[in-house]
Amino acid sequence: MTRISSIAELEAIYLPAPAPASMVKVSTSITPHYRTLIAASPFAALATAGPEGLDCSPRGDRPGFVRVHDEKTLMMPDRRGNNRIDSLKNIIRDPRCALLFLIPGSGTTLRANGRAHLSVDPDLLESFAVEEKAPRTVIVLEVDEIYFQCARAIIRSELWNPERHIDPATLPTPGEILAAMTANQVGGETYDKSWPERAKQTMW
C-alpha cells in the first residue's frame, strides 16, 4: 500500500484547489445563519482529545439544546448517561473540542471547533433543567471557527430516506453484545427487555 507522507503529495491528489465558497463560509464567530442551524438541531457529535487518544460522543436532546450564549460561546448540558464521563475527563485535560450538528431532513451540517470547559454554576445548571431535572455539568465551548458542511455526505448515505432505514431486528442488540463479551455475565435478553423502562426513568 502506498502511503502519503507529505502535505504536498496530498494536495497534488486533491486538485483543483478549494473553491472560494469552501473557504469564505468559515467564521470566527456565530453568525445569525449559523445560530438558526444550531437552534434547529436536536443532535450533535462531540469530539474531544485526551492522553488516551480521541473520542467522539453522540449528544441528543430537544432542538436547540445547544445554547448560543453570545457570538463566541456555545453551551451544552451534559444529560444523564452511563457515568463513564469520557468526554468530560478529556475536556478537563485538553480543552480542544469540536461539534458536528445534524438536522433531520436537511443535508446541511454544521461544524464548530474551539476550546471547552465545564461549568457547575447553580443558576446555569438550573436554566437547562428539563422536567425539573438539571444537568450535572454544562459544557461551555469558546468557538474558534464555525462553518457549514455541504450536503454530499447526507445525499450519498441517504441518511433521511425512510426506505433506507435498517430493520433493528437484523442487528445485534446491546444485550446480545454485552452477553457475548462477558460470557453471559452481563446483558442478555433481560437487559434488552428492561432497557425501555430504564431509559424512560433516566432520560433527564
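Predicted model: local features only at pLDDT ≥ 70, side-chain atom pairs only at ≥ 80, totals over all residues.
Residues are numbered from 1 along each chain as its sequence is written, and side-chain values use heavy atoms, with hydrogens and water left out. Helices (DSSP runs of H or I, at least four residues) and strands (DSSP runs of E, at least two) are numbered from the N terminus.

**Nonpolar core**

- The largest nonpolar core holds 23 residues; such a core is a set of buried Ala, Val, Leu, Ile, Met, Phe, Trp, Tyr and Cys residues joined through side-chain atoms within 4.5 Å.
- Ile30, Ile38, Leu74, Leu99, Phe101 and Ile146 have the most contacts inside this core.
- At least two core residues come from each of helix 3 (32-40), strand 1 (43-50), strand 4 (73-77), helix 4 (86-93), strand 5 (96-102), strand 6 (109-119) and strand 7 (138-149).
- For burial, the cut-offs are under 20% relative accessible area for buried, over 50% for exposed, and partly exposed in between (1.4 Å probe, protein chains only).

**Salt bridges**

- Searching the whole structure turns up eight salt bridges, where a salt bridge is a side-chain nitrogen of Lys or Arg within 4 Å of a carboxyl oxygen of Asp or Glu.
- Asp61 pairs with Arg79, and their closest N and O atoms are 2.7 Å apart.
- That pair ties together distant parts of the chain, 18 residues apart: Asp61 is in the loop between strand 2 (53-60) and strand 3 (67-70), and Arg79 in the loop between strand 4 and helix 4.
- Both partners are tucked away: Asp61 is buried at 11% relative accessibility, and Arg79 is buried at 16%.
- Arg96 and Asp94 also form a salt bridge, 2.8 Å from N to O; here Arg96 is exposed at 54%, whereas Asp94 is buried at 15%.
- Arg115 and Asp144 meet in another salt bridge, 2.7 Å from N to O.
- This one also links distant parts of the chain, with Arg115 in strand 6 and Asp144 in strand 7, 29 residues apart.
- Arg115 is partly exposed at 42%, and Asp144 is partly exposed at 34%.

**Charges and rings**

- A charge counts as sitting over a ring if NZ of Lys or CZ of Arg is within 6 Å of the ring centre and within 35 degrees of the ring normal.
- The charged end of Arg67 sits over the ring of Phe128, 3.7 Å from its centre.
- Lys25 lies over the face of Phe148, at 4.9 Å from the ring centre.

**Surface patch**

- Ile4, Ile7, Leu10, Ile13 and Tyr14 make a nonpolar surface patch of about 530 Å².
- Patches take residues with over 30% relative accessible area and no salt bridge, joining like charges within 9 Å and nonpolar side chains (Val, Leu, Ile, Met, Phe, Trp, Tyr) within 5 Å; areas come from the Shrake-Rupley method with a 1.4 Å probe, and for residues only the protein chains shown count as cover.
- Ile13 belongs to helix 1 (residues 7-13) and is exposed at 53%.

- Most residues other than glycine have a negative phi, and most peptide bonds are trans.
- The Leu15 to Pro16 peptide bond is cis, with omega near 5°, and Pro16 lies in the loop between helix 1 and helix 2 (20-24).
- Ile85 isn't a glycine, yet has a positive phi of about 50°; Ile85 is in the loop between strand 4 and helix 4.
- Ala183 isn't a glycine either, and has a positive phi of about 55°; Ala183 is in the loop between helix 7 (174-181) and helix 8 (189-201).
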